[in-house]
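Q: I am new to this structure. Can you show me how to read its features, one at a time?

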Amino acid sequence: MSGTILTVAQQKGGAGKTTLVAQLAVALAAQGRRVAAVDIDPQASLGAWSELRDRAAAYTPIRVVKSPGWKLDLTLGELARGCDVVLVDSPPHAETEARVAVRAARFVLVPCQPSLLDVWASRATLELVRRESRAAAILWNRLPPRGHVVDEARAAAAEAGLAGLAEGLGNRSDFARSLHVGAGVVETAPRGAAAREIRALAAALRPRLA
Ligand SMILES: Nc1ncnc2c1ncn2[C@@H]1O[C@H](COP(=O)(O)OP(=O)(O)OP(=O)(O)O)[C@@H](O)[C@H]1O
Ligand SMILES: [Mg+2]
């Protein structure tokens, strides 16, 4: 049986795509799922994280494969057979690659920071998702503890027809720090707020992974 393909796409740079793929991969693997990830971004940050992880040897192995966008279908065909979930990390500012990654997915997560500028910049990705007739949700990332600006961003996203999935992820240094050692927050700070948020996201995705 083939695994479920989840693509993380957002054509705006620095929204948190790679962070989300790595953190979610670890959280899903910690639940006992067989998880793999594909890095189609030539920046290859996910691949670099994976090399660190393999060297650390203390963590559950997660297979991360680098693949050019044009080869994605072939890569996924080979990978998905032995996995429950395959996460695809896509590059910013690259419509063709984003399109193949969105087309291949059962579900698309669109990380977005809570500001109107970021919601507006997400329109290109949302339009792409719509053209490919895929289901998607926004994943609010780097949420501040409180603020008007968050409510405005949520309202603008709702107007564009998208709701946020789970509670979103706070702006927490644990997310970055764990990646620096090839891990995820559920491994380095399992009782922290960041781990709670990523577990809540994994739980919210459960119906999509059945
Ligand atoms: N929830 C978070 N809390 C704190 N820092 C975060 C969070 N999410 C992402 N970051 C930081 O934001 C920066 C950009 O994140 P990341 O590289 O994951 O984004 P990206 O969308 O993959 O970028 P690109 O478009 O260049 O591929 C990184 O320095 C990362 O550590
Ligand atoms: Mg990235």
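Q: Start with the ligand. Which of the 19 residues around ligand 1 come nearest?
A: This is a predicted model. To read a ligand site, begin with the residues beside the ligand. Here K17, T18, T19, P92 and A176 come nearest to ligand 1, out of 19 residues around it.

Q: How many residues of the shell around ligand 1 are nonpolar, polar or charged?
A: Sort the shell by class. Around ligand 1 there are 10 polar residues, 5 nonpolar and 4 charged.

Q: Now a helix pair. At roughly what angle do the axes of α3 and α4 cross?
A: Look at two things, the distance between the axes and the angle. Helix α3 covers residues 72-80, and helix α4 covers residues 95-104. Their axes come within 10 Å and cross at roughly 35 degrees. The crossing of α3 and α4 is right-handed.

Q: Which residues make the contact of α3 with α4?
A: Take each side in turn. From α3 come L72, D73 and L76. From α4 come V100, A101 and A104. By class, the contact of α3 with α4 has 5 nonpolar residues, 1 charged and no polar.

Q: What is the secondary structure of the whole protein?
A: Count the elements. The protein has 10 helices and 6 strands. Its radius of gyration is 16 Å, close to the 17 Å that the globule rule gives for 210 residues, so the protein is as compact as a globular protein of that length. The C-alpha trace spans about 45 × 40 × 30 Å along its principal axes.

Q: Where in the protein is confidence lowest, and where highest?
A: Where pLDDT is low, predicted coordinates should not be read in detail. In this protein the mean pLDDT is 93, and 100% of residues reach 70 or more. Confidence is lowest in helix α7, residues 148-159, at a mean of 89. Confidence is highest in helix α9, residues 185-188, at 98.

Key. Residues are numbered from 1 along each chain as its sequence is written. Chains are lettered from A and ligands numbered from 1 in the order in which they are written. This is a predicted model: local features need pLDDT of at least 70, side-chain atom pairs count only at pLDDT 80 or more; totals for chains, interfaces and linings use all residues. Axes are lines fitted to C-alpha atoms, for helices over the stretch in contact, and angles run from 0 to 180 degrees between N-to-C directions. Helices (H or I, at least four residues) and strands (E, at least two) are DSSP runs, numbered from the N terminus. A crossing is left-handed if the near helix is turned anticlockwise from the far one by less than a right angle, and right-handed if clockwise. Two residues are in contact if their C-beta atoms, placed from the backbone, lie within 7 Å. Ala, Val, Leu, Ile, Met, Phe, Trp, Tyr, Cys and Pro count as nonpolar, Asp, Glu, Lys and Arg as charged, and the others, Gly among them, as polar. A residue is near a molecule or strand if its C-beta atom, placed from the backbone, lies within 6 Å of it. pLDDT is the predictor's confidence in each residue, from 0 to 100. The radius of gyration is taken over C-alpha atoms; the globule rule is 2.2 Å times the number of residues to the power 0.38.
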